[in-house]
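Hello,

Here is the structure I promised to pass on. Have a look at it first, and my notes follow below.

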Amino acid sequence: ERDTVKLGMEEYLMHRANPGSAKLEIGRTYNGMSLMEMAKESIRLSGQNVRSMDRGRVVELAFQGTTDFPAVLANVFSKSLRMGYNAEPQTFKPFTKQSTIVDFKPVYRTQIGDVPTLRQIGPSGEIAYVKVTDAKETYALATYAQIFAINRQTLLNDDMEAFTRTPESQGRAAARMESDVVWGIITANAALGVDSVPLFHASHNNYTGAGTVINVANLGVARKALRVQTGLNGIGYLNLTPKFLIVPAALETVAQQYTVQTGIIVTQQSNINPIGPTLTVIPEPRLDANSATAWYLSADPGMIDTIEYAYLEGQEGVYMETRMGFEVDGMELKVREDFAAKALDFRGMYKNAGA
């Protein structure tokens, strides 16, 4: 019975906070009940008499581990946290690669060099040895966390906003942190470990510093830059296909003009846009603060490593721990996430400074 009560209370609280997020089935029993009334029910099921108990004592017992009410609240907090985390827009995921790391030690992502083209064997029958080089990038997980509290006044006031909106906002904050880290790699243009050269640089053949606007001709130049990239040893062409056109919010409309199919009938060959239909526009407002004119192309991460982001194994995304407060008169909630990101290779992305 206690397990059924816990599930029913969780379902009703989630439905009450956001009717579209949870169907009301076993939670119908608690329809219309206040937080205080549910706390009393939890105390009653723990074997205590609540008939003559004052509200202050009810709140005190409700936050103690002798009842199931703290577990009910903790589950509601966790679900609300995850809802907020999933609801926050994250535009970096289509062109990046997800990974997991087992601990907080530095990890090494190795790139294997390309092998020379096979050579014809001469009359002597001698076969030449070849040397394969490699390179690596290194990074490690970092922990991000903060603590907030739900005090007993929230329960007394039947304040559902605090019980659900606060954890939801914490989830959104965690998702924003991930975006800040990943997009910070692009805007900071930090040097790669393999050659100590910035991610976007003329020597990497992936940067046009004398920027140009987005149009068919300049998209063609960018596409060629990805196509002619060579492997680690500079031998074979990678022939990368651009898939994403990444722009600041200021260029979103212009980018769509050259990528979104319309009903326009082209009568001149020179007006045909063969590149646009192959690209997906990714607008990101974090880019505007760095440059409102710069734009980027990226290959599919399935073709080549670009930027990798990682979580601690078994704890992907944000999670929450709760405890009864001592300094705080209520419950303390700790939101924590282990996360990191790193640019692994410059060959899969191109930057144009714009104009």
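Leaving aside neighbours within four places in sequence, Glu-284 is in contact (heavy atoms within 4.5 Å) with Thr-91, Trp-183, Val-247, Pro-248 and Ala-249. Before I go on, please note that this is a predicted model, in which local features need pLDDT of at least 70, side-chain atom pairs count only at pLDDT 80 or more, and totals for chains, interfaces and linings use all residues. Residues are numbered from 1 along each chain as its sequence is written, and side-chain values use heavy atoms, with hydrogens and water left out.

Back to Glu-284: you will find it in the loop between strand 7 (280–283) and helix 9 (286–290). Helices (H or I, at least four residues) and strands (E, at least two) are DSSP runs, numbered from the N terminus. With a relative accessible area of 2%, Glu-284 is buried; buried means under 20% relative accessible area, exposed over 50%, and partly exposed in between (1.4 Å probe, protein chains only). Its side chain has a polar contact of 2.4 Å with the side chain of Thr-91. Here a polar contact is a pair of N or O atoms within 3.5 Å; within protein, one must be able to donate a hydrogen and the other to accept it, and residues adjacent in sequence count only if both atoms are side-chain atoms. A polar atom of the Glu-284 side chain also lies 3.0 Å from the backbone nitrogen of Arg-286.

Ser-99 sits in strand 1 (residues 96–101) and counts as buried, at 15% relative accessibility. The side chains of Ser-99 and Arg-109 make a polar contact of 3.1 Å. Beyond four places in sequence, the residues in contact with Ser-99 are Arg-109, Glu-308, Tyr-309, Ala-310 and Tyr-311.

Next, a helix pair. Helix 1 (residues 2–17) and helix 4 (residues 69–87) pack at about 40°, their axes 9 Å apart. Axes are lines fitted to C-alpha atoms, for helices over the stretch in contact, and angles run from 0 to 180 degrees between N-to-C directions. The two helices are therefore oblique to each other (under 35 degrees is roughly parallel, over 145 roughly antiparallel, 65 to 115 roughly perpendicular, and the rest oblique). Residues making the contact include Leu-13 of helix 1 and Val-76 of helix 4.

Finally, Asp-180 in helix 6 (residues 160–188) is partly exposed, at 45% relative accessible area. From Asp-180 to Val-50 there are 130 residues in sequence and 49 Å in space, C-alpha to C-alpha.

Best wishes
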